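Q: Could you walk me through reading the sheets and domains of a model like this one?

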Amino acid sequence: MLEDTIAAIATPLGQGGLAVIRISGARAVTVADSLFTPAGKSRKPLATAKTHTLHYGHIVRDRQRLDEVIVSVMKAPATFTREDVVEISCHGGIRSTKTVLDAVLGAGTRLALPGEFTKRAFLHGRIDLAQAEAVADLIKARTNLALSAANEQLAGKLSQRINALRDDLMQMLAHIEAHIDFPDEDIEPDTLDGLVQRLENAGRLINELLSTANEGQLIRRGIRAAIIGRPNVGKSSLLNQLLGRDRAIVSTVTGTTRDTISEEAQIRGIAVVFIDTAGLQESDDTIEREGIRRSRESLAQADLVLHVLDTSEPLTPDDEAYLAELADRQRILVLNKSDLPNRLGQAVSNGSPAVSVSCLDGQGIEALKEAIRNRVWDGEITSEMLEVMINSRHQEALRRAGASLQTAREQLQAGTPLDLVAVDLRIGTNAVGEIVGRTTTEDLLDSIFSTFCIGK
Ligand SMILES: Nc1nc2c(ncn2[C@@H]2O[C@H](COP(=O)(O)OP(=O)(O)OP(=O)(O)O)[C@@H](O)[C@H]2O)c(=O)[nH]1
Ligand SMILES: [Mg+2]
């Protein structure tokens with residue numbers, strides 16, 4: 001597979017000023033040369049071009065000009081894939097881009113698989129696996145925080161810590177294995193204490209990294225917040241306020257919203273998908289029943305519940321039922337219609353944060369945003385946290401590593417034969433190595449790179 005020269009459109013398909021077709025592999029320059037007719041003053045074939053140079057001309061097939069282009073020639077090894085790379089900047093229409101791609105594919109390349117350029121960068125050692133994942137995170141980043149976290153990981157901040165940890169574990173493993181080879185020599189008590197200490201430190205570092213997992217997920221994926229409450233309390237008005245535009249229909253008619261509406265907004269750097277619902281009450285109407293089923297589904301999937309209450313009316317049995325039902329959920333009580341006289345009476349929050357708002361004039365909405373952020377994320381988001389924001393794959397590997405290293409430490413302390421200690425230590429070391437891709441399987445690589453887009 002690595003022998004193939006691959007090509008793909010690296011820009012989104014659609015109408016745009018420019019599109020880029022990326023070619024990587026040993027034949028990249030030859031293929032481009034066979035289609036390229038230079039124009040302008042310095043008319044040189046690409047084969048003789050210096051590395052990292054731009055060339056103006058036309059893509060020509062069967063004597064027909066397909067497009068006017070700029071071609072960049074980048075020779076191995078200082079390229080993204082560490083192979084020869086040619087990028088053709090052509091016109092950005094769907095048809096014109098595909099025509100140039102077809103010409104490139106017809107001249108001796110094959111279409112790249114999703115993530116194959118990045119996979120080659122990994123296989124050739126230009127980036128490690130955590131950095132490769134950061135490339136995908138960077139492309140997918142929807143908030144500034146997600147972008148910063150991806151940039152730190154791409155720069156290798158997480159990898160540095162993982163590599164240091166792995167090096168230390170490898171040294172310990174070598175030490176212990178040396179003793180297995182000479183069973184007559186016992187490990188000195190001091191040395192043993194030192195090893196136990198180092199394993200404890202390793203466990204502590206792993207726990208520190210694991211503690212960033214939740215934030216990591218939040219930052220990468222964002223959260224889902226369901227807006228619920230009985231009819232007419234102002235759920236759709238709240239959605240519109242949080243989005244800053246009139247997305248949902250608002251009216252005095254009870255049961256205006258019949259379907260669920262979901263829209264994403266950035267709340268203090270976190271991507272939040274808000275779901276306006278049709279309410280949860282019983283109904284005989286078929287359409288309403290389907291709306292309620294969807295509301296229930298959204299509620300089940302939500303990370304956070306915004307329970308809206310109308311403070312201009314006394315608490316109803318429905319309100320009380322929802323308050324009881326959602327008592328153990330992550331929720332915020334939104335006390336709406338604060339512009340009207342309060343008839344809700346006594347505090348209803350029993351422990352959940354409550355924010356007073358008016359969706360008519362926007363009063364309290366900023367405080368609600370702050371409450372949402374605090375509910376999903378206690379404390380400050382520091383730059384050190386962004387550096388090591390692990391993802392769920394890292395989390396899973398670190399959990400395994402932590403468990404094996406703990407077993408190894410306990411065995412060392414209990415005087416278990418060293419060859420058994422070494423088994424667990426090796427399992428733990430390998431699990432740590434998986435994060436940066438020192439120990440991988442083809443399945444693991446496939447599952448990571450298949451989530452990329454084609455052309456990256
Ligand atoms: N005075 C006042 N009226 C509000 C406020 N928020 C919403 N309303 C009004 O309350 C009525 C219902 O608002 P909606 O946002 O449609 O309520 P809903 O909960 O989505 O209603 P359904 O979709 O029917 O369940 C509308 O007439 C809104 O203008 C508020 O803060 N103050
Ligand atoms: Mg509504």
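A: Gladly! Strands (E, at least two residues) and helices (H or I, at least four) are DSSP runs, numbered from the N terminus, and two strands pair if DSSP finds at least two bridges between them. This is a predicted model, where local features need pLDDT of at least 70, side-chain atom pairs count only at pLDDT 80 or more, and totals for chains, interfaces and linings use all residues. Residues are numbered from 1 along each chain as its sequence is written, while chains are lettered from A and ligands numbered from 1 in the order in which they are written.

Q: What is the strand order in the open sheet of seven strands?
A: Strands of a sheet pair through backbone hydrogen bonds, either parallel or antiparallel. Here the order is 3-4-5-6-2-1-7, with mixed pairing. Strand 3 (36-38) and strand 7 (110-111) are the edges, each pairing on one side only. Strand 1 (residues 6-9) is antiparallel to strand 2 (residues 16-24), with four bridges, and Ala8 faces Arg22 of strand 2.

Q: Which strands stand at the edges of the open sheet of six strands?
A: That sheet reads 9-10-8-11-12-13, again with mixed pairing. Strand 9 (261-267) and strand 13 (354-356) each have a single partner strand, so one side of each lacks a neighbour in the sheet. Strand 12 (residues 331-336) runs parallel to strand 13 through three bridges, and Leu333 has Ala354 as its bridge partner.

Q: How far apart are the C-alpha centres of domain 2 and domain 3?
A: Domain bounds come from an automatic or database domain assignment. Domain 2 covers 130-212 + 388-449 and domain 3 covers 223-376; their C-alpha centres are 44 Å apart.
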